[in-house]
Amino acid sequence: MQTTRSLPRNFKLISQLWNTRRQSTAAEATGKWQIVGAACITRPPVVCPPMTPLEAQYSEMLATVEKELSLKSNHELRHEQDLMRVEFLKLGDTEEVDIEEASKQTAVEFEDACTEELKAFTPAPITTEADKKNDLSSLNRALERSLILVVKQKLGSDHQWVLPQAPWVPGETLRQTCERVVRETCGTSLKVKFLGNAPCGYYKYKFPKQARKDGFIGAKVFFYKGMVREASGNVQPGQDVIEHQWLSQDQLDERLKRSYADSVSRFLVSDK
Amino acid sequence: MFSISKITARCLPVAQRALSTTASRCKISFEPPYLDAGGPDVPEFPLLNVQMEGYDFTVLEHYGKWVHRTALNMGIEVEDSWATPCEKIHIQTFKPRSVKVESEYDLHVYQRTVQLADVPSYLAPMFIEVAQAGLPEGVNLTVQEHMPEHTEVRFIPDLELKELKKQLDLLGGPSKTKK
């Protein structure tokens, strides 16, 4: 009884198995893909961008409205009391005047001292030296934008402008691969903080026919995002790296290959 | 009359047949699809504290509200959000080589915290990145896992009670006799 009922079910299972076996042989026939870990090292913006004309106008309007609706501050009240005291002294009414208060610094004097101190203070410039020289390899440039590290790395026999990458070695996780990438291509002085254990992007490319070795027909690149601060350290280019540049997002599209730039731009947070 | 041997004699072939069919079924390993329908087990952060500090009160408050709203929009459960009392700093600059005060400053460092619960590990880096992208000038952002010290800081110390306890200690401690 049991065997007759299970017959159609077994038949379904066998046919499923047969189909999966056929598919796996199809994949093996096309070849293996090399797993590559790449590090997208970002320096977030240091300074807020300047306000657009509309934003400046609106914030000015809000400031005036707030001032009109606000109550008088201690400083303004003190100024009014000073003026009243001066009036009383002119009229000769010394009884109502507190002489001790009169000898202290007036509100106007205090304000003048503060403005003088402010004039003496010079804030750091927004356009740095690297901006003026247009030195793309320095971290201390374009303080209003976020910068991403791009290197001219040796891939096979050719040098390409890519995000620093290295093939995955069995026995380590992909994130460990990316940390190794940073050590090898940028040196040990650059302190990168990777936020998560999962990759944020993916790009697949095939090797040219001469460069296909170890049975790999191509590579699958998994991108990991890492953060760096402007005082984190310098990039010391490693062995396979000729040149390195810190580029903003619109400069990336010009520097990288079209399809690669598309994959990269999918996981970048716009800074405008 | 029933005998145990007769019962076993009758049950044994049936049991053997049942066992043989289950054994053959185990050779073909098949799991029903509904077991994997929910997706893989994603590790989660049970509690994350997003702490924001700054000197400018209005900017900090608005940023705190924005972070709260962003977390809700991303589908992250917001457990709690609170403010801790500000740290008041009084700074005096002296004239060179004297005790005369040149200028005095009163600075307040305000703080806001947003606590997130059960944040999936793939969503946490994305949230941190978005929070950093919207960070205004003058605000420091810290993201930490929740520690007991963070709740301890929120309690306002009872100074009266502390004073009474101090007095008790001076008098020789609590009475040792049981009552």
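Predicted model: local features only at pLDDT ≥ 70, side-chain atom pairs only at ≥ 80, totals over all residues.

Student: Which residue forms a salt bridge with K225(A)?

Tutor: Start with the general idea. Side chains of opposite charge can pair when their charged atoms come close. Here the partner is E129(B), and the closest N and O atoms are 2.6 Å apart. K225(A) sits in strand β7 of chain A, while E129(B) sits in helix α3 (residues 124-133) of chain B, so this pair joins two chains. E129(B) has a relative accessibility of 14%, so it too counts as buried.

Student: Which residues are joined into one network by salt bridges that share partners?

Tutor: E172(A), R180(A) and E184(A) are linked in that way.

Student: How many salt bridges does the structure hold over all chains?

Tutor: There are nine. R85(A) pairs with D82(A), with 3.0 Å between the closest N and O atoms. Both residues belong to helix α3 (residues 74-91) of chain A. They are three residues apart, about one turn of the helix. Both R85(A) and D82(A) are buried.

Student: Which residue does R145(A) pair with?

Tutor: R145(A) forms a salt bridge with D250(A), and their closest N and O atoms are 3.1 Å apart. R145(A) is in the loop between α6 (129-133) and β2 of chain A, and D250(A) is in helix α8 (residues 249-255) of chain A, so the pair ties together parts that are 105 residues apart in sequence. Now check their burial. R145(A) counts as buried, at 18% relative accessibility. D250(A) counts as partly exposed, at 36%.

Student: What is there to notice about N134(A) in the backbone?

Tutor: Look at the phi angle. N134(A) has a positive phi of about 55°, although it is not a glycine. This residue lies in the loop between α6 and β2 of chain A. With a relative accessible area of 52%, N134(A) is exposed.

Student: And what is the phi of A142(A)?

Tutor: A142(A) has a positive phi of about 50° and is not a glycine. A142(A) is likewise found in the loop between α6 and β2 of chain A. At 15% relative accessibility, A142(A) counts as buried.

Student: Which residues form a nonpolar patch on the surface?

Tutor: Y58(A), M61(A), L62(A), V65(A) and L69(A) do. Together they have about 510 Å² of accessible area. Take L62(A) as one member. L62(A) is placed in helix α2 (residues 53-69) of chain A. Its relative accessible area is 42%, so L62(A) is partly exposed.

Student: How is chain A divided into domains?

Tutor: Domain 1 has two segments, 30-47 and 131-265, and domain 2 covers 53-120. Now ask how far apart they lie. Taken over C-alpha atoms, the centres of the two domains of chain A are separated by 57 Å.

Student: What is the secondary structure of chain B?

Tutor: Chain B has five helices and four strands. Along the sequence, the pattern reads α-β-α-β-β-α-β-α-α. Chain B has 179 residues, and 20% of them count as buried.

Student: Which residues of chain B does UniProt list for a domain?

Tutor: An unreviewed UniProt entry lists residues 49-144 of chain B for "domain: Small ribosomal subunit protein uS10". Over residues 49-144, chain B is 28% helix and 52% strand. The end C-alpha atoms of this stretch are 5 Å apart.

Notes: Residues numbered from 1 in each chain as written. Chains lettered and ligands numbered in written order. Heavy atoms only, no water. Patch = residues over 30% accessible without salt bridge, like charges linked within 9 Å, V, L, I, M, F, W, Y side chains within 5 Å. Areas by Shrake-Rupley, 256 points an atom, 1.4 Å probe, with all protein chains shown as cover. Salt bridge = Lys/Arg side-chain N within 4 Å of Asp/Glu carboxyl O. Buried < 20%, exposed > 50% of the residue type's maximum accessible area, 1.4 Å probe, protein only. UniProt positions renumbered as here; feature names shortened; annotations may be inferred. Domains from an automatic or database assignment.
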